[in-house]
Amino acid sequence: MLSLIGIVMFQVYWCVNAYKVNKKNFDANVDVAMQKAMDDCKKDYFDSIRVVLVRRLSDPRVKIRIDTMHEADTVHKQLSITMSAGHWGAGTPFNTTNLVYNYYSKMVGPHPTVPQVLTEMSFYVPGLFNYYSIYLGTLDQETYPKQFEKFKAYNNTYIFVPEDVMLKLDSGMDNSIYGFPPNCRKADSLKLTKYLSAELDKNALHAPFFLHFSTKPTNPGKPSVHYSKTNEYSYKYHGFKVFGIIGPEFFARAVFPSPYHVILRSMSLIFLLSIVLIVSSITGLDYLIKLIQKQRKLAELKDDFINNMTHELKTPIATLTVAIEGLQKFNALNDPEKTQRYLQTSRSELVRLNDLVTKVLNISAFEHDKISLVKDSIGIDELLKDVIASEKLKTDKPVEIDYKNNGLSTIIADKVHFRNLLVNLVDNAIKYSGDHPQITITALNAGTEAIFSVKDNGPGIPKSHQQLIFDKFHRIPTGNVHNVKGTGLGLSYVKYIVEAHGGTVTVKSEINAGSEFIISMPL
Ligand code: ADP
């Protein structure tokens with residue numbers, strides 16, 4: 001029992017631990033998914049910037065000049081990019097090398113245009129993007145002079161302007177390529193949700209989540225077993241501005257309020273194994289306990305049987321010894337009447353001994369299915385009267401045996417065994433019914449079956465034993481003293497023989513109100 005509790009506790013501990021490990025895995029996986037979603041947003045952002053930049057650099061108001069130096073080394077030739085936009089003339093050129101230009105030119109594709117190459121380069125070459133943005137920004141200033149007046153009024157320097165101010169000042173510039181999307185925060189959230197959902201789907205992590213955006217970094221908070229959240233990532237992929245180049249920075253994290261079912265689903269195999277282990281442990285233990293109980297009962301029955309048999313065998317042997325000694329030593333042979341009495345006693349003791357041996361042999365025979373029935377027609381009245389007469393002869397008690405027959409003249413059965421089983425029942429009725437046994441034997445023709453009943457006025461049989469008395473060796477315990485001798489084999493023999501004839505045997509009994517054994521045999 002203790003080991004079972006141990007196993008169950010271990011299983012529970014194991015499952016809880018497995019849950020914790022899976023929860024950590026889940027947290028790590030969703031974090032990776034969030035990073036990937038962020039990367040996807042970034043990629044999207046750069047793709048859109050690429051389109052915008054190429055278009056802007058192709059604007060006829062923007063002039064780009066690329067000069068190469070005359071140098072001996074054709075590979076590492078210096079290359080200078082000079083830009084002018086609208087009324088802004090060319091300023092200091094941006095210097096790089098031929099090698100860099102050719103590298104990005106190959107990256108774009110087979111026949112790249114200059115704006116395409118310069119756009120691609122600006123993603124990687126430090127300072128180049130800033131160089132363009134100055135020119136493109138001034139172009140915007142010329143196009144939207146009123147809005148830029150407002151910006152300047154807010155802040156004279158071209159540095160970062162907070163999001164809310166920027167959005168307010170931005171009105172009227174919606175069509176500018178540098179303008180924010182009108183609902184940028186909602187758009188960001190939709191985009192990130194889309195990419196994160198796709199990423200979660202890919203990894204079979206279908207837990208509901210929501211995104212949390214904030215303009216300032218928030219405290220990471222302690223990890224909890226009840227819900228999950230990813231790390232906070234800076235999100236700035238929503239269009240780009242001249243001021244600050246890129247738009248305002250958000251901080252985004254995904255929150256999973258109920259990750260249980262995903263985690264538990266990933267643990268279904270562990271649960272299944274645990275349940276199988278617990279169930280098999282319980283059934284194993286149950287089987288073991290039942291087996292031990294059965295063994296113990298068998299050992300008790302065996303001890304009882306040996307005790308009873310010793311008594312049963314010793315009594316006739318002792319009586320016979322005394323009778324023979326009497327005949328030998330005390331000249332009983334000269335007294336014919338005494339001789340007769342001694343011989344009669346010896347004979348009846350030998351009959352008892354024979355009965356006993358037959359009972360044991362019968363048991364062993366039907367245990368190995370060796371009993372073969374020889375069926376014959378049996379006259380009921382004749383058989384029962386004979387049984388009653390011999391039973392009365394056998395006992396010293398004053399027995400009253402009442403016999404009633406209700407229309408049953410013959411049955412087909414094995415004569416010897418059928419007689420034996422009736423003898424067993426009447427024997428028991430006499431044995432267990434105190435000093436004045438009153439027995440009623442009834443035979444009844446019930447149409448398709450013959451019913452025999454043997455009823456006594458004995459002590460009765462407790463309900464809990466009424467089934468068990470038909471088991472081999474089972475005797476109702478009466479403490480250590482058995483005042484009525486027996487082997488516990490009689491009723492099991494009765495049951496075996498009745499069933500071999502296709503019949504049934506039952507008992508009706510109340511404590512202190514006698515017992516009735518009822519046999520029903522097919523006709
Ligand atoms: P036994 O040799 O002990 O009589 P049985 O198989 O004939 O063996 O009976 C089994 C047990 O059933 C008996 O030990 C007894 O306790 C109980 N029993 C059988 N018949 C009666 C009866 N007529 N009245 C009370 N108890 C009975």
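Colleague: Are F94 and Y131 buried or exposed?

Modeller: Both F94 and Y131 are buried, where buried means under 20% relative accessible area, exposed means over 50% and partly exposed is in between, with a 1.4 Å probe and protein chains only. This is a predicted model, in which local features need pLDDT of at least 70 and side-chain atom pairs count only at pLDDT 80 or more, while totals for chains, interfaces and linings use all residues. Residues are numbered from 1 along each chain as its sequence is written, and side-chain values use heavy atoms, with hydrogens and water left out.

The aromatic pairs come next. Rings of Phe, Tyr and Trp (for Trp, the six-membered ring) pair if their centres lie within 6.5 Å; planes under 30 degrees apart count as stacked, over 60 as edge-to-face and the rest as tilted. By that rule there are 11 aromatic pairs. F94 and Y131 make one of them, a tilted pair with 5.7 Å between centres and 45° between planes. F94 belongs to strand 3 (residues 94–97) and Y131 to helix 4 (residues 128–143), so this pair ties together parts that are 37 residues apart in sequence. Helices (H or I, at least four residues) and strands (E, at least two) are DSSP runs, numbered from the N terminus.

Y131 also pairs with Y135, edge-to-face, at 5.4 Å centre to centre and 65° between the planes. These two tyrosines both lie in helix 4, 4 residues apart, about one turn of the helix. An α-helix has 3.6 residues a turn, so residues three or four places apart point the same way. Y135 is buried, as is Y131. Elsewhere, ring pairs join F26, F209 and F256 into a cluster.

Contact here means heavy atoms within 4.5 Å. Apart from neighbours within four places in sequence, Y132 is in contact with L53, L57, M83, L118, T119 and S122. Y132 is also, with M34 and L192, one of the residues that touch the most other members of the largest nonpolar core, which has 51 residues. Such a core is a set of buried Ala, Val, Leu, Ile, Met, Phe, Trp, Tyr and Cys residues joined through side-chain atoms within 4.5 Å. Helix 1 (residues 2–57) supplies the largest share of this core, 13 residues. A second, separate core has 47 residues, including L422, V454, I469 and L491.

Helix 3 (residues 114–124) is mostly covered, with 8 of its 11 residues buried.

Buried residues make up 39% of the 523 residues. Of the contacts with a separation of 6 or more, 68% are between residues 24 or more positions apart.
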